[in-house]
Amino acid sequence: MTLLEVRDLTSGYGEVQILWGLSFRLEAGRLTTLIGANGSGKTTTLRAVMGLIRPWRGAIFFDGQDITLLPPHRKAAMGLILVPEGRQLFTDMTVQENLEMGAVTGRARARFRQNLDYVFDLFPRLKERRHQKAGTLSGGEQQMLAIARALMAEPRVLFLDEPSLGLSPLLVLNLFEVIRRLKAQGLTMLLVEQNVHLALAVSDYAYVLSGGRVELEGPARQIARDDRVRQAYLGL
Ligand code: ATP
């Protein structure tokens, strides 16, 4: 079942067009990845889907409903949750306070205690450090906190923008282990990653972006074998 469908999306910044008629689908319970060179429009796509920048043309359907022009808070209330590039934590607030900020919907607030137990179970390290200021966490812990905060909103679709950025190789592996666990729990996710090799290894389906368009798409395993992808993104 298609949970989110983006049809012929165009958008950009000011007069500058970045997305040129982009279409993709997220299937429920599947992990989909967007890969592409720097500047190909991956982050811009997430921002336009979330409503952080305005879609110029095209349509976005979520669960059969046209959500193209809804503002970000309405999309978040429906369960579209973004873990932004660079994490954007409240660094002067504690781990637990950051998690409280994540419970953005009435539904999520009502289940705050349960959800807190759930994320502390997923990230025991955050439980140990619940009273520590977020700004004093290590880079890897901060990334985990950014994901945990998003989970506190009870996402129906989780968008992850470059979650491995700035992490050591070991922490990158930990992160992908977490992504695998979330996938095993049936969460629908869209992953944007520089680490194309790992992204294709965990994903079900992949879209390759180039110049704000989808250049190639297919099951992740098939995309990983594609000669163009191997040369351009996997260094093979
Ligand atoms: P990266 O992997 O480098 O983050 P990306 O595929 O996510 O790349 P985007 O961040 O979507 O690419 O950027 C696409 C284009 O939009 C780039 O040419 C970038 O310079 C431009 N761009 C991004 N943000 C802005 C902005 N706020 N104002 C103007 N142009 C922008």
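Q: How far does a polar side-chain atom of Asn-38 lie from an oxygen atom of the ligand?
A: In this predicted model, local features need pLDDT of at least 70 and side-chain atom pairs count only at pLDDT 80 or more, whereas totals for chains, interfaces and linings use all residues. Residues are numbered from 1 along each chain as its sequence is written, and side-chain values use heavy atoms, without hydrogens and water. A polar contact is a pair of N or O atoms within 3.5 Å; within protein, one must be able to donate a hydrogen and the other to accept it, and residues adjacent in sequence count only if both atoms are side-chain atoms. For Asn-38, the separation is 3.2 Å.

Q: Which helix gives the largest share of the shell around the ligand?
A: The residues around the ligand, each with a heavy atom within 4 Å of it, include Gly-41, Lys-42, Thr-43 and Thr-44. Helices (H or I, at least four residues) and strands (E, at least two) are DSSP runs, numbered from the N terminus. The largest share, three residues, comes from helix 1 (residues 42-50).

Q: Why do the buried residues of helix 5 line one face?
A: Buried means under 20% relative accessible area, exposed over 50%, and partly exposed in between (1.4 Å probe, protein chains only). In helix 5 (residues 112-122), the buried residues are Phe-112, Asn-115, Leu-116, Val-119, Phe-120 and Leu-122. They line one face because, seen down the helix axis, the directions from the axis to their C-beta atoms fall within an arc of 155°.

Q: Which exposed residues does the face of helix 5 turned away from its buried side carry?
A: The buried residues of helix 5 are covered by elements including helix 3 (95-102) and helix 8 (169-184), where contact means heavy atoms within 4.5 Å. The face turned away from that buried side carries Arg-113, Gln-114, Asp-117 and Asp-121.

Q: Which strands stand at the edges of the open sheet of four strands?
A: Two strands pair if DSSP finds at least two bridges between them. The sheet has the order 2-1-4-5, with antiparallel pairing. Each edge strand has a single partner, so one side of each lacks a neighbour in the sheet; these are strand 2 (16-27) and strand 5 (65-66).
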